[in-house]
Amino acid sequence: MAELTNISLARGAPSLDIIAVDDLRTAAHAAFERDAAGTFAYGTSAGYPRLLEWISDRHRVHPDHVIATNGSMQADAFLFQQLVEPGDVVVVEAPTYDRTLLSLRQLGAEILAIPLEADGIDVNALELALQGGARPKLAHIIPNFQNPAGCTLSLEKRHKLIQLAAEHGFTIFEDDPYVELRFEGESLPTMLSMDEAGRVVYASSFSKTVCPGIRVGYLVGPAETIGAIRKLATNTYISPNMVAQSIVAEFCHSGALDRSIDTVKGALRERRDATAEALERHIPEARFVKPQGGYFLWVDLPEGSDVAQLASAAAERGVVFVKGTDFLLEGGESSLRIAYSAVPPDQIEEGIARVADAYRELAGAAA
Ligand SMILES: Cc1ncc(COP(=O)(O)O)c(C=O)c1O
């Protein structure tokens, strides 16, 4: 019998074939030639100056408002460390990125989970919670092609969140690593660009547009907050990885970033379409919102479906995905997240056919 190929619909990472290896090699060479002294030194905790320049141009802010970190996960950790004390209330989307939940729990935050809708967080539910006396310090929002749900926050809701933050005195943490990966529809302005009261701290990353192994991400926010985080960063690691940041700076300034984004978007659009078609064909009772970009698609199976059992049965068939419960404090037992970023379309089709086979077997056993 032919050996079963393992298929991962679990990892939110790009496959090697869509990483711009040649352009990265060229960028590394150019970075080493252009500025060996800066590239190979410790540098400062703010990050590599040429990269800070590129980021501040992109977001139309002064470089004092920027810190570049080792991946945006490090940026998230610094921000939480700076702002969140045990017992502080932090708003999160339900479902949300599992590592956000983990970090906030570790810091002793009180998590206020507000449901997500197809157009982003339910702002009415948030407003009701605020009127009911909730006093959050921070709201963590993933505005574009959300991880794990794939949905995008509407413009109207962006305005509403900024208004609520100003009225109730909390900070919005706009966690936006997928913003450049829009396949269709109009791009929406960041809340960072819409806010006039300095209530937004913005994070993004080169993990999804260059490659995750380069570990470069960043924060943009009020100079005071960024200044405090730079101190925290100095005490944590002296400075981030200058070699990586110098390469990314070269990659961005040379135009390679735009080419890479085009490649990634083209491939991911095909993978998103293959996922949606395979689900419609193999599991017609599955409900999902087709994402307009990004890496992920969230699937709700009929109520009563046991996705924990389905995950085991699928793993026996060589397919893995992440259970919905991993992204929620409660609920999600009949939901799952499919990451279509790491696999070509034919493997997506095969992977979903195997999940469907496992699903039918379990449904048959339960009947
Ligand atoms: C919403 C969100 N934030 C942050 C990260 C961390 O990204 P990185 O540390 O690779 O920049 C991810 C990675 O998947 C993510 O989905």
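# Asking for the cut-offs

Colleague: Why is F206 called buried?

Modeller: F206 has 3% relative accessibility. Buried means under 20% relative accessible area, exposed means over 50%, and partly exposed lies in between, with a 1.4 Å probe and protein chains only. The value of 3% is under 20%, so F206 counts as buried.

Colleague: What kind of model is this?

Modeller: This is a predicted model: local features need pLDDT of at least 70, side-chain atom pairs count only at pLDDT 80 or more, and totals for chains, interfaces and linings use all residues. Residues are numbered from 1 along each chain as its sequence is written, and side-chain values use heavy atoms, with hydrogens and water left out.

Colleague: How many aromatic pairs are there in the whole structure?

Modeller: A search finds nine. One of them joins W54 and F206.

Colleague: Where do W54 and F206 sit in the chain?

Modeller: W54 is in helix α3, and F206 is in the loop between β8 and β9. They are 152 residues apart. Helices (H or I, at least four residues) and strands (E, at least two) are DSSP runs, numbered from the N terminus. W54 is buried too, because its relative accessible area is 12%.

Colleague: What label does the pair of F80 and F173 get?

Modeller: Edge-to-face. The centres are 5.8 Å apart and the planes stand at 90 degrees. F80 is in helix α4, while F173 is in strand β7 (residues 171–175), 93 residues away. F80 and F173 are both buried.

Colleague: Which residues form a cluster with W54?

Modeller: W54, F206 and Y218 form one aromatic cluster. Y218 belongs to strand β9 (residues 217–220).

Colleague: How do you know which strands pair with β9?

Modeller: Two strands pair if DSSP finds at least two bridges between them. Strand β2 (residues 66–69) has four bridges to β9, in the antiparallel sense. There, A68 stands opposite Y218. Strand β8 (residues 200–205) also pairs with β9 in the antiparallel sense, over four bridges. On that side, S205 has G217 as its bridge partner.

Colleague: Are the faces of β9 covered or open?

Modeller: Both are covered. G217 and L219 on one side are buried, and so are Y218 and V220 on the other.

Colleague: Which strands form the open sheet, and in what order?

Modeller: The order is β10-β11-β14-β13, with antiparallel pairing. Two bridges join β10 to β11 (residues 296–300). F288 has V299 in β11 as its bridge partner.

Colleague: Why is the contact of E250 with R50 called a salt bridge?

Modeller: A salt bridge needs a side-chain nitrogen of Lys or Arg within 4 Å of a carboxyl oxygen of Asp or Glu. The closest N and O atoms of E250 and R50 are 3.0 Å apart, so the pair qualifies. E250 lies in helix α10 (residues 242–253) and R50 in helix α3 (residues 49–59), 200 residues apart. E250 is buried at 9% relative accessibility, and R50 is buried at 19%.

Colleague: What makes D88 and K137 a salt bridge?

Modeller: Their closest N and O atoms are 2.9 Å apart, which is within 4 Å. D88 is in the loop between α4 (71–83) and β3 (89–94), and K137 in the loop between α6 (123–131) and β6 (138–141). D88, at 16%, is buried. K137, at 33%, is partly exposed.

Colleague: What about R317 and D357?

Modeller: They meet in a salt bridge at 2.8 Å, N to O. R317 sits in the loop between α12 (307–316) and β12 (319–320), and D357 in helix α13 (residues 345–366). R317 is buried at 15%, whereas D357 is partly exposed at 43%.

Technical notes
Phe/Tyr/Trp six-rings, centres within 6.5 Å; stacked < 30°, edge-to-face > 60°.
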